[in-house]
Amino acid sequence: MHRSIKGVDRRYVELQVHRTDLRVSVPIDSADEVGLRPPRAGAELEELWDVLREPTLHEEQQWSRRMKGNQEKLRVGDVLVTAEVVRDLTRRQEERGLSGGERELLRHASRPLVVELGLSLSLSDEEAERVLDSAIHGEGPRSAPRVLEAVR
């Protein structure tokens, strides 16, 4: 689509925000700057699986420090860094439980990963949540067909 704003003609791509009626127009020449990209596929999707399967390396014991560190990681806006936070919080929740704030942070951080997996693999949100959970628990790209069969 083309628009002329203040005499400047620009091409835009119109995006619909996932699972809403909200539409956003982004100038095509600014797409890289705002982080517009296609859903992960191929090697990028395998990289996401690898991050989700990695062991938790260091976990801050004091919940307030852990919360602050995870919030800082999420501000980066990188899908792989978000995957680390979701992986570690999910495992901690299962092993020791989470504070109320951390549970909310986990829900907030999981959302972009569920959307990413749903779009990448053509899954519903519920199926993508199950695939995310399977990946965190050690399933990987080689077992993706089996995981996908299990969710369908």
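This is a predicted model: local features need pLDDT of at least 70, side-chain atom pairs count only at pLDDT 80 or more; totals for chains, interfaces and linings use all residues.
1. Overall architecture. The protein chain contains seven helices and three strands. Read from the N terminus, the order of its elements is β-β-β-α-α-α-α-α-α-α. Taken along the principal axes, the C-alpha atoms fill a box of roughly 60 × 40 × 25 Å.

2. Helix 3 against helix 5. Helix 3 spans residues 63-75 and helix 5 spans residues 100-121; their axes come within 11 Å and cross at roughly 20 degrees. Because angles under 35 degrees count as roughly parallel, helix 3 is described as roughly parallel to helix 5. The crossing in which helix 3 passes helix 5 is left-handed.

3. Residues joining helices 3 and 5. On the helix 3 side, the contact involves Trp-63, Arg-66, Met-67, Asn-70, Gln-71 and Leu-74, which meet Gly-101, Glu-102, Leu-105, His-108 and Ala-109 of helix 5. Sorted by class, the residues of this contact comprise five nonpolar, four polar and two charged.

4. Helix 5 against helix 6. The axes of these two helices lie 8 Å apart, and the packing angle is about 105 degrees. Since the range from 65 to 115 degrees counts as roughly perpendicular, helix 5 is roughly perpendicular to helix 6. Helix 5 contributes Arg-111, Leu-113, Val-114, Leu-117, Gly-118 and Leu-121 to the contact, while helix 6 contributes Asp-125, Ala-128, Glu-129, Val-131 and Leu-132. Seven of the residues in the contact of helix 5 with helix 6 are nonpolar, one is polar and three are charged.

5. Helix 4 against helix 6. Helix 6 (residues 125-136) also packs with helix 4: the two axes come within 10 Å and cross at roughly 80 degrees. That angle makes helix 4 roughly perpendicular to helix 6. From helix 4, the residues in contact are Val-86, Arg-87, Thr-90, Arg-91 and Glu-94; from helix 6, they are Leu-132, Asp-133 and Ile-136. The class count for the contact of helix 4 with helix 6 is three nonpolar, one polar and four charged residues.

6. The largest pocket. Its volume is about 900 Å³. The lining consists of 25 residues, and those nearest the centre of the pocket are Gly-35, Arg-37, Val-115, Glu-116 and Leu-119. By class, 14 of the lining residues are nonpolar, six are polar and five are charged.

7. Elements around the pocket. Strand 2 (8-16), helix 4 (79-95) and helix 5 each supply at least two residues of the lining. Helix 5 provides the largest share of the lining, with seven residues.

Key: Residues are numbered from 1 along each chain as its sequence is written. Side-chain values use heavy atoms; hydrogens and water are left out. Axes are lines fitted to C-alpha atoms, for helices over the stretch in contact, and angles run from 0 to 180 degrees between N-to-C directions. Helices (H or I, at least four residues) and strands (E, at least two) are DSSP runs, numbered from the N terminus. Angles under 35 degrees count as roughly parallel, over 145 as roughly antiparallel, 65 to 115 as roughly perpendicular and the rest as oblique. A crossing is left-handed if the near helix is turned anticlockwise from the far one by less than a right angle, and right-handed if clockwise. Contact means heavy atoms within 4.5 Å. Ala, Val, Leu, Ile, Met, Phe, Trp, Tyr, Cys and Pro count as nonpolar, Asp, Glu, Lys and Arg as charged, and the others, Gly among them, as polar. On a 1 Å grid over the protein atoms alone, a cavity is a set of points where a 1.4 Å probe fits but cannot get out, and a pocket is an open set with protein on both sides within 12 Å along at least five of seven lines; lining residues have an atom within 4 Å of a point. Grid points are joined across faces, edges and corners, and a volume is the space filled by probe spheres set on the points.
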